[in-house]
Amino acid sequence: MKARIPIGRPRAWLALAVLFATAAALPASAQTLADFEKKVTVKTLPNGWTFIIYQRTEAPVFSFATHVNVGSVQEVPGITGIAHMFQHMAFKGTTTIGTTNYPEEKKALEKVDQAYAAYDAARRARNPDEEKVNALLKAFKDAQEEADKFIIKNQFGEIIDRAGGVGLNAGTGADSTVYFYSLPSNKFELWAYLESDRFLHPVFREFYKERDVVKEERRLRTESQPIGRLIEQFGSVAFSAHPYHHPVVGYMSDLDSFTREDAEKFYRTYYVPSNLVTALVGDLKPEVVIPIIEKYFGRFPKGEPSPPVRTVEPVQIAEKFIKIPDPAQPFYVEGYHKPAATSPDEPVYQAIVDVLSNGRTSRLYRSLVRDKQIAVAVQSLPSYPGDKYPNMFIVFSVPAPGHSNDESRDAIRAELERLKKEDITAEELAMVKTHAKATLIEGLNSNGGLANQMADYQTTFGDWRQLFKSVEKIDKVTQADIRRIANQIFIDTNRTVAVVETTAPTPAAGGAPGR
């Protein structure tokens with residue numbers, strides 16, 4: 001889930017919203033599209049990289065967000081997790097940052113690749129020779145240690161820290177990869193050098209060690225977490241054909257196997273200027289910063305357009321069900337296929353989410369948490385795992401102690417049926433529209449949050465102005481629209497259900513039952 005904050009469209013890494021909030025929180029001096037347009041400059045370089053500059057002079061700082069139009073949907077079997085892996089590599093430095101002697105380091109890295117290829121071939125042999133495999137593994141590790149001698153660890157981040165930068169981070173989702181942080185305005189040229197250089201001259205140093213870090217991330221967030229395992233299974237079953245079924249972190253077998261060469265090929269294919277949008281918000285004068293942007297980012301060759309995602313998810317014709325037995329507490333989720341964010345009906349889905357689960361007066365909260373007290377949490381989300389392609393509307397519930405998934409299921413479906421059979425009240429519709437406007441205004445306060453949103457909307461819709469127009473579209477949603485959409489998607493054959501079903505803990509080896 002990504003975080004398109006203003007109208008409540010969460011994305012795969014909702015934590016971005018929290019990270020962006022640490023950037024300069026400043027009062028919004030303008031709240032209408034007309035006001036914003038006066039302070040926005042859009043510059044698309046000849047190579048295709050688009051920059052959006054919003055001038056805000058309240059403090060001598062700026063924030064940026066670069067959205068790369070690539071995520072797990074661009075992956076194919078055998079290299080799942082590679083988009084996320086490159087995100088990690090983007091912090092490792094360049095041919096001039098992070099190294100004591102790049103020409104010698106390059107030779108050492110080539111030896112690492114050769115050693116890994118030999119080891120990988122030996123371990124995959126039909127009848128592997130264990131002694132040979134172990135010897136080649138040692139040679140591979142020795143080559144890594146030799147290459148590591150040239151590394152200046154964390155130099156990229158330390159340069160930003162010394163310049164007064166904050167919030168250095170990135171995130172990968174199904175649809176895109178985002179890079180962001182904030183700096184004092186007088187460090188703009190340093191920013192332009194660093195951000196252009198890390199995409200123009202990246203060095204995939206410590207690749208296999210970092211791959212092990214990602215493997216551990218998968219173990220912690222997916223394999224050791226019942227809900228993590230459930231959500232991965234939910235995605236793989238809900239999407240039978242479309243690459244939305246790929247887990248962003250990747251499958252463990254792929255993490256065990258893909259190479260530095262695979263990552264470089266992926267980078268060359270998708271990190272082309274026409275696939276990148278950067279939004280800059282803060283104390284920046286366009287006439288000053290655009291020449292700097294041209295100087296540094298104009299160095300990129302245009303490159304070939306990235307290949308499109310061709311597979312379209314077929315219409316679901318039968319209800320799907322996943323059950324994971326586990327000693328953990330129960331968890332319930334159900335999802336329904338829906339169109340992409342560019343659909344004219346997307347504002348209706350946003351409105352349905354507001355009615356169902358926005359706050360303590362929402363229908364699901366009142367029913368499951370407040371009145372029936374059968375759940376401790378319940379939430380709906382309009383787009384999972386992304387929204388650039390047809391995706392899923394999902395609802396999940398955490399049953400209260402002593403209550404079951406079946407109770408949550410019945411209560412949730414009762415509320416979905418109400419949407420199909422009865423108009424929401426005029427008061428509920430008015431609240432949806434008020435909330436959309438209030439959330440937009442709130443989202444404008446943070447330099448980082450605004451940069452993220454503008455780059456996100458430019459990438460998804462081809463126009464940052466949709467950030468404002470989406471709220472106008474919600475304002476046109478009617479009660480009849482909500483009933484129409486509810487009847488279209490909330491049907492049995494369009495539904496995928498996944499549950500964690502609580503089981504008794506497995507006795508420890510050698511222990512007596514019941515103890």
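Two strands pair if DSSP finds at least two bridges between them. Keep that rule in hand for this tour of a predicted model.

**Stop 1**

E11 and E12 form a hairpin, with 6 residues between them. Now pick out single partners. Ser380 has Val395 of E12 as its bridge partner. Ala377 stands opposite Val398, again in E12.

Go back to E12 and look at its other partner, E10. E10 and E12 run antiparallel and are joined by 7 bridges. Lys338 stands opposite Asn391 in E12. Stay on Lys338 for a moment. Lys338 also lies over the face of Tyr349, at 4.9 Å from the ring centre.

Is E12 enclosed or open to the outside? Of its 9 residues, 8 are buried, so E12 is largely enclosed by the rest of the structure.

**Stop 2**

**Stop 1: Glu415**

Zoom in on H15, which covers residues 405-421, and select Glu415 within it. Is this residue buried or exposed? The cut-off for buried is under 20% relative accessible area. Glu415 has 8%, so it is buried.

Show its side chain. It makes a polar contact with the side chain of Arg418, at 3.0 Å. Now look further along the chain. Which residues touch Glu415, leaving aside neighbours within four places in sequence? They are Leu356, Arg363, Leu364 and Ser367.

**Stop 2: strand E8**

Move to strand E8, residues 276-282. It is mostly covered: 7 of its 7 residues are buried. Check each face in turn. On one side sit Leu276, Thr278, Leu280 and Gly282, all buried. On the other sit Val277, Ala279 and Val281, buried as well.

Now bring in its partners. Strand E4, residues 50-55, runs parallel to E8, and 6 bridges join the two. Tyr54 has Val281 of E8 as its bridge partner. Strand E5, residues 61-68, pairs with E8 in the antiparallel sense over 7 bridges. Here, Val68 has Leu276 of E8 as its bridge partner.

**Stop 3: aromatic rings**

Show the side chains of Phe, Tyr and Trp. How many aromatic pairs are there? The count comes to 38.

Begin with Tyr179 and Phe199. Their pair is edge-to-face, with 5.1 Å centre to centre and 70° between the planes. Tyr179 lies in strand E7 (residues 177-184) and Phe199 in helix H7 (residues 188-200), so the pair ties together parts that are 20 residues apart in sequence. Both Tyr179 and Phe199 are buried.

Then select Tyr457 and Phe461. Why does this pair count as stacked? The ring centres are 5.4 Å apart and the planes are at 20°, so the pair is stacked; the cut-off for stacking is under 30 degrees. Both residues lie in helix H17 (residues 447-461). They are 4 residues apart, about one turn of the helix. Tyr457 is buried, with a relative accessible area of 0%. Phe461 is partly exposed, with 24%.

**Last stop: a charge over a ring**

Select Arg198 and Phe91. Arg198 lies over the face of Phe91, at 4.9 Å from the ring centre.

Key
Residues are numbered from 1 along each chain as its sequence is written. This is a predicted model: local features need pLDDT of at least 70, side-chain atom pairs count only at pLDDT 80 or more; totals for chains, interfaces and linings use all residues. Side-chain values use heavy atoms; hydrogens and water are left out. Buried means under 20% relative accessible area, exposed over 50%, partly exposed in between (1.4 Å probe, protein chains only). A polar contact is a pair of N or O atoms within 3.5 Å; within protein, one must be able to donate a hydrogen and the other to accept it, and residues adjacent in sequence count only if both atoms are side-chain atoms. Contact means heavy atoms within 4.5 Å. Rings of Phe, Tyr and Trp (its six-membered ring) pair if their centres lie within 6.5 Å; planes under 30 degrees apart count as stacked, over 60 as edge-to-face and the rest as tilted. A charge sits over a ring if NZ of Lys or CZ of Arg is within 6 Å of the ring centre and within 35 degrees of the ring normal.
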